[in-house]
Amino acid sequence: MLSERIQKMTPSATLSLNQKAGELTKQGIDIINMAVGQPDFQVPENIRLVAEKAAREGHGKYTPATGKIELRQAISGKFKRENNLKYDVNEIVVASGAKPILFATVLALCNPGDEVIVPAPYWVTYPDDIRLCGANPVFVEAREENKFAITADAIAEKITDKTRLLILNDPSNPTGAIIPKEEKEKIAELCLKHNIWILSDEIYERLVFEEEYFSIASLGEDIWNKTITLNGLSKTYAMPGWRIGYAGIPLELAKKIGGALSHITGNPNTIAQIAGIEALNGSQDEVGKMIQIYKKRRDMFLDGLSKIEGIKCVKPGGAFYLYPNLSSHYDSNITNSTQMAEKLLVEAHIAAVPGAAFGTDEHVRLSFATSEEKINECLIRLEKFFG
Ligand SMILES: Cc1ncc(COP(=O)(O)O)c(C=O)c1O
């Protein structure tokens, strides 16, 4: 018999879809994959060259479990320069992606039965991590009318004496929503009043299209002391497979999270860490170009969608996803997002992620981490399918 915790884990919603997409592709059907969750760009060359040199020089030993000091210094500099956040090198934890830090944070803060507030739509991993740690996710709706940005008032309604942690994710995966600064102030005040920790997942923070990003922990010392600022190289530098995530964490908690990670994963890949120093300290030109390209794709994709009958789509402020509401096309054959995604796959040959995976059932997630050509083809197929 398996443990109660592991039995609570939900099967990946994208798995069966991917399997089906794979089968159709094998049959020679041209599926356009709009379900991707990673940049389609190549890792910038300066980063690759540093990694190549490090490998040639034979850097292969263990590093400190929470990352090389030089990398933590580079991260500390990035936080200061770009986010107005002061973290000492000992308050920075580097891991094999942002994912293990997320898990270790919930593990470090929550006892079985504690509650973690998660705004929905949410990134798929949060609820499962929370349940795996024996805690309970409590969902709060980020309303579409409010461009999917969560409000302090909505969060306040879900607070109980068991609430330990709030997870914020902006720009959001899957909606691209960014919480306005004034709302972050209210959320910070609320969390301080109720002694609730915040895990601020800022992994898409550089991929913003209109406004400057604002980190909640930069609001003041009190909230800094209750916040884990989570980030990583996966999205900004198109390095998802290199597995480097990092976080700024108040010292005592950083020690505990670092300690847990030292037993679970040990240090993140040594070569990728050395390359990560170049990513953060080296030229940011390629990142600037990628952001411009994402923005152009977002605009053309949104424009195209707006011309298709019955599709409503909130304009995302960041990240690389659109989260259109397709519910006006629901009928007796298509009654939910899973059926919609299946029909899109089998009949329109478009792979999209059903909203059910993110906690809403009227939407699908379409990624624009793919070429303009594919976006155009996707629009043509959608037009034909819904037309
Ligand atoms: C919102 C969000 N947070 C964290 C991650 C995890 O990133 P990493 O590759 O650093 O583990 C992802 C990846 O899809 C994400 O979308």
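A: The answer below starts with one loop, follows its contacts, and ends with the chain as a whole.

The model is predicted: local features need pLDDT of at least 70, side-chain atom pairs count only at pLDDT 80 or more, and totals for chains, interfaces and linings use all residues. Residues are numbered from 1 along each chain as its sequence is written.

The residue to start with is Ser172, which is found in the loop between strand 5 and helix 8. Helices (H or I, at least four residues) and strands (E, at least two) are DSSP runs, numbered from the N terminus. A residue is called buried if 20 or more other C-beta atoms lie within 10 Å of its own, exposed if 12 or fewer, and partly exposed in between, with C-beta atoms placed from the backbone. Ser172 has 28 other C-beta atoms within 10 Å, so it is buried.

Pro171 is found in that loop too, between strand 5 and helix 8 (181–193). The peptide bond that leads from Asp170 to Pro171 is cis, with omega near -10 degrees.

What does Ser172 touch, not counting residues up to four places away in sequence? It touches Pro121, Phe148, Ala177 and Ala319. Two residues are in contact if their C-beta atoms, placed from the backbone, lie within 7 Å.

Take Pro121 from that list. Pro121 sits in the loop between strand 3 and helix 6, and the peptide bond from Ala120 to Pro121 is cis, with omega near 5 degrees.

Ala319 is another contact of Ser172. These two residues are 147 apart in sequence, but 6.9 Å apart in space, C-alpha to C-alpha. Ala319 lies in the loop between helix 12 (285–306) and strand 9 (321–322). Its phi is positive, about 65 degrees, although Ala319 is not a glycine. Ala319 counts as buried because 30 other C-beta atoms lie within 10 Å.

Asn84 gives a contrast. Asn84 also has a positive phi, about 55 degrees, and is not a glycine. It is in the loop between helix 4 (69–83) and strand 2 (92–95). Asn84 counts as exposed, because it has 12 C-beta neighbours inside 10 Å.

Now to helix 6, one of the two elements on either side of the loop that holds Pro121. In helix 6 (residues 125–132), Tyr126, Pro127, Asp129, Ile130 and Arg131 are buried. They pack against helix 1 (4–7), helix 5 (98–109), strand 3 (115–120), strand 4 (136–141) and strand 5 (163–169). Just after helix 6, Gly134 takes a positive phi of about 85 degrees.

The next topic is the ligand. There are 13 residues around it, and Gly97, Ala98, Asn173, Gly232 and Ser234 come nearest. A residue is near a molecule if its C-beta atom, placed from the backbone, lies within 6 Å of it. By class, the shell holds four nonpolar, seven polar and two charged residues. Here Ala, Val, Leu, Ile, Met, Phe, Trp, Tyr, Cys and Pro count as nonpolar, Asp, Glu, Lys and Arg as charged, and the others, Gly among them, as polar.

Ala95 is found in strand 2. With 29 C-beta neighbours inside 10 Å, Ala95 is buried. Leaving aside neighbours within four places in sequence, its contacts are Pro100, Ile101, Gly245, Leu261, Thr265 and Pro268.

Last comes the whole chain. It has 14 helices and twelve strands. Its radius of gyration is 21 Å, close to the 21 Å that the globule rule gives for 387 residues, so the chain is as compact as a globular protein of that length. This radius is taken over C-alpha atoms, and the rule is 2.2 Å times the number of residues to the power 0.38. Along its principal axes the C-alpha trace spans about 55 × 55 × 50 Å. Of the 387 residues, 44% count as buried, Ser172 being one of the buried residues. Among contacts between residues at least 6 apart in sequence, 73% join residues at least 24 apart.
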